[in-house]
2 protein chains.
Amino acid sequence: MSEIATTPTPPYYAVIFSSLRTDGDHGYGEMADKMVALASTQQGFLGIESAREGLGITVSYWTDLESIRQWKSNAGHLVAQKLGHELWYSSFKTRIAKVEHDYGI
Amino acid sequence: MSEIATTPTPPYYAVIFSSLRTDGDHGYGEMADKMVALASTQQGFLGIESAREGLGITVSYWTDLESIRQWKSNAGHLVAQKLGHELWYSSFKTRIAKVEHDYGI
């Protein structure tokens with residue numbers, strides 16, 4: 001189970017990835033785990049939260065936009081993105097957002 | 001099942017609410033449905049996406065910060081927030097973020 005990410009005092013960035021899957025696994029589960037592990041090693045990575053209940057929502061947190069650009073163009077991630085388009089997702093939306101304020105318990 | 005929200009061209013705002021539940025329902029399911037219905041009638045509301053898989057992630061989208069402030073202080077929502085603190089969530093984090101860019105299929 002994913003936990004609530006521990007993030008620093010804002011500002012920082014969030015990539016909100018919302019998706020609907022096609023039927024069947026087709027290697028998705030394994031690749032998803034690999035991508036979380038790979039993202040975690042990238043410069044500027046702060047944390048990740050993920051849940052799927054029909055709709056899947058994954059939010060990754062980053063220090064700055066340049067780190068997000070580098071992650072988007074990472075070679076291993078590009079392979080996953082291509083398979084995502086072709087095989088795993090019937091639709092998705094990626095939103096890049098600047099976190100301005102946060103609070104919680 | 002929640003769907004991917006249809007949102008306008010950025011900029012707009014996202015409220016990312018990540019939570020872990022306490023055990024038992026205690027009226028949570030009914031209140032969650034009520035809050036989605038109530039939020040949908042508020043000024044500036046654009047859409048909402050939600051999934052729970054242990055960790056719950058709900059992202060609501062808004063035109064501007066003032067609409068988010070008004071929703072936070074809505075009387076019905078204040079009751080739900082109080083019960084959330086006291087009864088339903090073992091921990092949560094709310095992040096308010098400005099969506100600067102989006103893309104998808």
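The model is a predicted one. In it, a rotation of 180° with 0.0 Å of shift along its axis brings chain A onto chain B, with an RMSD of 0.0 Å. That is how a two-fold axis relates two copies. Both chains use the same surface for their contact: 100% of the contact residues of chain A recur in chain B.

Within chain A, consider strand β3, residues 55-62. Seven of the eight residues of β3(A) are buried, so the strand is mostly covered, buried meaning under 20% relative accessible area. β3(A) pairs with two other strands. With β1(A) the pairing is antiparallel and has seven bridges; A:Y13 has A:W62 as its bridge partner in β3(A). With β2(A), residues 45-53, the sense is again antiparallel, over eight bridges. A:E53 stands opposite A:L55 of β3(A). One residue lies between the strands of this β2(A)–β3(A) hairpin, where A:G54 takes a positive phi near 80°.

Next comes helix α2(A), residues 65-72. Which residues of α2(A) are buried? They are A:S67, A:I68 and A:W71. These lie on the same side of α2(A), because they cover an arc of only 100° around the axis. In an α-helix, residues three or four places apart point the same way, because there are 3.6 residues a turn. The buried residues of α2(A) pack against β1, α1, β3, α3 and β4 of chain A.

Definitions and conventions. Residues numbered from 1 in each chain as written. Chains lettered and ligands numbered in written order. Predicted model: local features only at pLDDT ≥ 70, side-chain atom pairs only at ≥ 80, totals over all residues. Heavy atoms only, no water. Buried < 20%, exposed > 50% of the residue type's maximum accessible area, 1.4 Å probe, protein only. Helix = DSSP H or I, 4+ residues; strand = E, 2+ residues; numbered from the N terminus. Arc of directions from axis to C-beta. Contact = heavy atoms within 4.5 Å. Least-squares fit on C-alpha atoms with pLDDT ≥ 70 in both. Pairing = 2+ DSSP bridges.
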